[in-house]
Structure formats: structure tokens, C-alpha cells
Amino acid sequence: RILDADGKQVDIYGKTCEEVYDRAQAASRAIADAIFRKNNPTVREYCEKWLKMKSATVRPNTLEGYRKVMEKHIIEPIGDRYIDEITADDLKMLMRGGKAKKEKVALTDKQISTLLDAIKNLPPYLFVMLGLYAGLRREEILGLQWDCVHIDDDIPYISVRRAWRSVKNRPEVTTLLKTPAAKRDIPI
């Protein structure tokens, strides 16, 4: 008799002493492997266990979303590795998506000139001019109102304090910008 991975006794049978010995050795190796796997799960096994624990507290469609994201971003790249093998560098690679972000390139002077010539005397002309020369984003331009324009001061400026957003397809001007640093004054 030998103890299995759960601590239960298992009988080993054979016709000869050598056969019993060989079966006992094979069973011992299998039990050692099962104990190792129990104590050192793969990333895939851990993710499945985590999803099972979450299934009691989240809605089914949310759980399915979690499953898809885990499959794509965690299990595909490192799912077959043991948890103990994962390093901080592996986690950094996963957080960056495994590739560097593409740097955004500003319009050249020629592209700006072409754009402005194409929309001259059209309604979006002023909108594009504000975006290009004041460095405002679309939602910031749409959030501008007359109280944002200060022309009576020594140096006229535009106060960016609001942004426009759509909530359930209803436009709404909000006073909240994404960050406090987004609130700024731009000279005219």
C-alpha cells in the first residue's frame, strides 16, 4: 500500500514481486507528479480556478468577458507555464501587450495647409483651427462656451475647464475634465 496525492491508501497488486515493485514505482511517480501539480499549478489552471471563484459574484456575461480577455492576454502567451516560473519581466511584457505602442505623428505644415485649404469657408473651419493652433481636443472644443473666452484682459485667453461628452446618445457638457492637468489657459 502507498499513499496517494490526497493522503488515501492505495493497494498495489501484481502476480510477482517484481511486477508489484514496478507498479509501485510507477504509482509513486504519478503521485509525486500529482502532488507537484497540486502545489504548483500552471497559469491556465490558476485562471480557471479564479474564474470558478468569481462565478458566484459576477453576472454570466461579465464572467464570459473575463474568460475571453484571460484567454487572449494571459493564457495564450504564458498559460502552460507554472506560476512559480513567472517573473516580473513576464508580467511587464503582459501589461504592455508584448509590443511597444506606436508613436503618434503630428501633421506636417504641408498637411495642415492642405487641410485648411480643403475646408476653407466650410462650417468645421473654426473647429479645426482651434484644434490645430490651440492644441485642443475635440471634446474640449465642443465644451467651450462664451464664459471661457477672456478678451478684456491684457492678454486675451481661452479657459479650458469643460469637455463635451455623450451619455446614452444625449449630448451633455460637463465641467469635469479627465485630469486636473487638463484644465488650462491658452493665450489667443
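Visitor: Which residues does leucine 63 touch, not counting residues up to four places away in sequence?

Guide: This is a predicted model, so every contact is read from predicted positions. Leucine 63 touches Leu51, Lys54, Ser55 and Val58, once residues up to four places away in sequence are set aside.

Visitor: Which residues make up the largest nonpolar core?

Guide: The general idea comes before the case. In soluble globular proteins, nonpolar side chains tend to be buried together. Here the largest nonpolar core has nine residues in all: Val43, Cys47, Leu51, Leu63, Met70, Ile75, Ile78, Ile86 and Leu94. Helices α2 (43–54) and α3 (60–78) each supply at least two residues of this core. The largest share, four residues, comes from α3. Another core, of five residues, lies apart from it, and Ala134, Leu136, Ile141 and Ile186 are among its members.

Visitor: Which residues of helix α5 are buried?

Guide: Again, the general idea first. An α-helix has 3.6 residues a turn, so residues three or four places apart point the same way. In α5, which spans residues 109–119, Ile112, Leu116 and Ile119 are buried. These residues lie on the same side of α5 because they cover an arc of only 75° around the axis. Lys110, Asp117 and Ala118 are exposed on the other side of α5.

Visitor: What covers the buried residues of α5?

Guide: The cover includes α6 (125–134).

Visitor: What follows α5?

Guide: Asparagine 121 follows α5, and its phi is positive, near 70°. Leucine 122 has its place in the loop between α5 and α6. With a relative accessible area of 43%, leucine 122 is partly exposed. From C-alpha to C-alpha, leucine 122 and phenylalanine 36 are 71 Å apart in space, and they are 86 residues apart in sequence.

Visitor: How many salt bridges does the structure hold?

Guide: A salt bridge is read from the gap between a side-chain nitrogen of Lys or Arg and a carboxyl oxygen of Asp or Glu, which must be within 4 Å. The structure holds 11 salt bridges. One of them pairs arginine 23 with glutamate 19, with the closest N and O atoms 2.8 Å apart. Both residues lie in helix α1 (residues 17–39), four residues apart, about one turn of the helix. Arginine 23 counts as partly exposed at 42% relative accessibility, and glutamate 19 counts as partly exposed at 25%.

Visitor: With which residue does glutamate 85 form a salt bridge?

Guide: The partner is arginine 81, and the closest N and O atoms are 4.0 Å apart. Glutamate 85 is partly exposed, at 40% relative accessible area. Arginine 81 is also partly exposed, at 28%.

Visitor: Where do arginine 184 and glutamate 140 lie?

Guide: Arginine 184 forms a salt bridge with glutamate 140, the closest N and O atoms being 2.8 Å apart. Arginine 184 is in strand β7 (residues 184–187) and glutamate 140 is in helix α7 (residues 138–142), so the pair ties together parts that are 44 residues apart in sequence. At 24% relative accessibility arginine 184 counts as partly exposed, whereas glutamate 140, at 1%, counts as buried. Salt bridges that share partners join Arg137, Glu139, Glu140 and Arg184 into one network.

Visitor: Which residues make the nonpolar surface patch of about 500 Å²?

Guide: Trp146, Val149, Ile151 and Ile188 make this patch. Valine 149 is found in strand β3 (residues 149–150), and counts as partly exposed at 31% relative accessibility.

Conventions: Residues numbered from 1 in each chain as written. Predicted model: local features only at pLDDT ≥ 70, side-chain atom pairs only at ≥ 80, totals over all residues. Heavy atoms only, no water. Patch = residues over 30% accessible without salt bridge, like charges linked within 9 Å, V, L, I, M, F, W, Y side chains within 5 Å. Areas by Shrake-Rupley, 256 points an atom, 1.4 Å probe, with all protein chains shown as cover. Buried < 20%, exposed > 50% of the residue type's maximum accessible area, 1.4 Å probe, protein only. Arc of directions from axis to C-beta. Contact = heavy atoms within 4.5 Å. Core = buried A, V, L, I, M, F, W, Y, C linked by side-chain atoms within 4.5 Å.
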